[in-house]
Every structure is written in structure tokens, then in C-alpha cells.
Amino acid sequence: MTTIGTQSAELGGSSKSQDTLALAARLLLAALFILAGINKLSAMEQTVGYIASVGMPLPELVYFGTVAIEIVGGLMVALGFKARYGAGALGIFTVLTAVFFHNDFSQQTEVTMFLKNLAIAGGLFAIAAFGPGRFSIDRK
């Protein structure tokens with residue numbers, strides 16, 4: 001015997017518990033990006049230097065783009081406002097960050113950071129694929 005919530009989920013809907021988990025997932029993922037973006041605002045010189053150290057062209061432009069996508073994309077995911085777009089953009093950004101900044105596979109720490117970025121991107125792509133859930137601006 002299945003519960004109503006399970007039947008709803010099996011038919012393509014979602015249960016309240018699933019939507020609560022979707023909200024928790026969105027908030028946990030978004031917090032990482034929002035806080036990272038805010039922290040970069042107080043460390044522009046160091047962040048631009050780090051971006052330049054890996055050979056990225058136009059490190060100042062990359063810095064401002066990074067801050068914008070982390071804060072704006074993070075807020076979109078957290079609030080569930082155009083969450084699929086925000087999550088998709090952050091997922092692509094996170095994969096690119098892994099490729100360009102955590103690619104020294106001779107260092108175990110870098111391998112771990114690379115894999116963490118891929119895992120975070122996977123969570124973001126799940127939001128992009130399945131939506132933000134019932135508890136979101138998109139669903140109001």
C-alpha cells in the first residue's frame with residue numbers, strides 16, 4: 001500500500017516532504033554561493049590575483065562576473081525565482097571552476113576539490129532538471 005504523497009510523486013507530482021527536501025537542498029546549495037560571492041567583495045585584490053595566477057585573461061572582469069553569478073544565481077536558487085536558470089548557470093560555472101582552478105591532479109586536495117565541485121554541480125543540475133519544488137516563488 002502506498003501513501004498519497006508517494007502516489008503523487010509516482011504520478012509526476014511531489015509530496016510535501018519532497019518539496020521540503022527540495023527547499024532544504026536549494027538553501028544549502030545557495031548558501032555556499034551567496035556567502036562566497038559576499039566574501040569575494042571584501043577580498044577583491046586577493047581574488048583577482050588568484051584568478052590571474054591560473055592564467056585567466058581579464059581577471060578583473062572574471063572577478064566581477066564571478067561575484068555576480070554567485071550572488072545573483074545563489075539568490076535565484078534560494079528564493080526559487082527562475083531557479084532552473086540560476087541552478088543551470090551555477091552548475092556550468094561550478095564545472096568550469098573545477099576545470100580551470102582545481103586541475104592539479106598530483107595534489108590530493110585538488111582532486112578532492114575537483115570532485116566536490118562536480119558533486120555540487122550535480123545537485124544544481126538536479127534543480128535545473130526537476131525544478132525548485134512547491135516552496136518557491138516560481139510555484140506561486
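In the predicted model, helix 2 and helix 4 run roughly antiparallel to each other. Two packed helices are described by the angle between their axes and by the distance separating those axes. For helix 2 (residues 16–41) and helix 4 (residues 59–79), the angle is about 150 degrees and the axes are 8 Å apart. Because an angle over 145 degrees counts as roughly antiparallel, the pair is assigned to that class. The crossing of helix 2 past helix 4 is left-handed. On the side of helix 2, the contact is formed by Arg26, Leu27, Ala30, Phe33, Ile34, Ala36, Gly37, Ile38, Lys40 and Leu41. Helix 4 contributes Tyr63, Thr66, Val67, Glu70, Ile71, Gly74, Leu75, Val77, Ala78 and Leu79. Sorted by class, the residues in this contact comprise 14 nonpolar, three polar and three charged.

Arg26, one of the contact residues of helix 2, has a relative accessible area of 1% and is therefore buried. Beyond its neighbours within four places in sequence, Arg26 is in contact with Val77, Ala78, Leu79, Gly80, Ile127, Pro132, Phe135 and Ser136. Among these partners, Val77, Ala78 and Leu79 belong to the helix 4 side of the contact between the two helices. Arg26 and Thr112 are separated by 86 residues in sequence, and their C-alpha atoms lie 22 Å apart in space.

Thr47 is located in helix 3 (residues 44–53). With a relative accessibility of 13%, Thr47 counts as buried, since the limit for this class is under 20%. A polar atom of the Thr47 side chain is placed 2.8 Å from the backbone oxygen of Ala43. When neighbours within four places in sequence are set aside, Thr47 is in contact with Lys40 and Tyr63. Both of these partners also take part in the contact between helix 2 and helix 4, Lys40 from helix 2 and Tyr63 from helix 4.

Most residues other than glycine have a negative phi. Leu58, although not a glycine, has a positive phi of about 50 degrees. Leu58 is situated in the loop between helix 3 and helix 4 and, at 56% relative accessibility, counts as exposed. Lys82, likewise not a glycine, also has a positive phi of about 50 degrees. Lys82 is found in the loop between helix 4 and helix 5 (83–101). The relative accessible area of Lys82 is 42%, so this residue is classed as partly exposed.

Conventions. Residues are numbered from 1 along each chain as its sequence is written. This is a predicted model: local features need pLDDT of at least 70, side-chain atom pairs count only at pLDDT 80 or more; totals for chains, interfaces and linings use all residues. Side-chain values use heavy atoms; hydrogens and water are left out. Axes are lines fitted to C-alpha atoms, for helices over the stretch in contact, and angles run from 0 to 180 degrees between N-to-C directions. Helices (H or I, at least four residues) and strands (E, at least two) are DSSP runs, numbered from the N terminus. Angles under 35 degrees count as roughly parallel, over 145 as roughly antiparallel, 65 to 115 as roughly perpendicular and the rest as oblique. A crossing is left-handed if the near helix is turned anticlockwise from the far one by less than a right angle, and right-handed if clockwise. Contact means heavy atoms within 4.5 Å. Ala, Val, Leu, Ile, Met, Phe, Trp, Tyr, Cys and Pro count as nonpolar, Asp, Glu, Lys and Arg as charged, and the others, Gly among them, as polar. Buried means under 20% relative accessible area, exposed over 50%, partly exposed in between (1.4 Å probe, protein chains only). A polar contact is a pair of N or O atoms within 3.5 Å; within protein, one must be able to donate a hydrogen and the other to accept it, and residues adjacent in sequence count only if both atoms are side-chain atoms.
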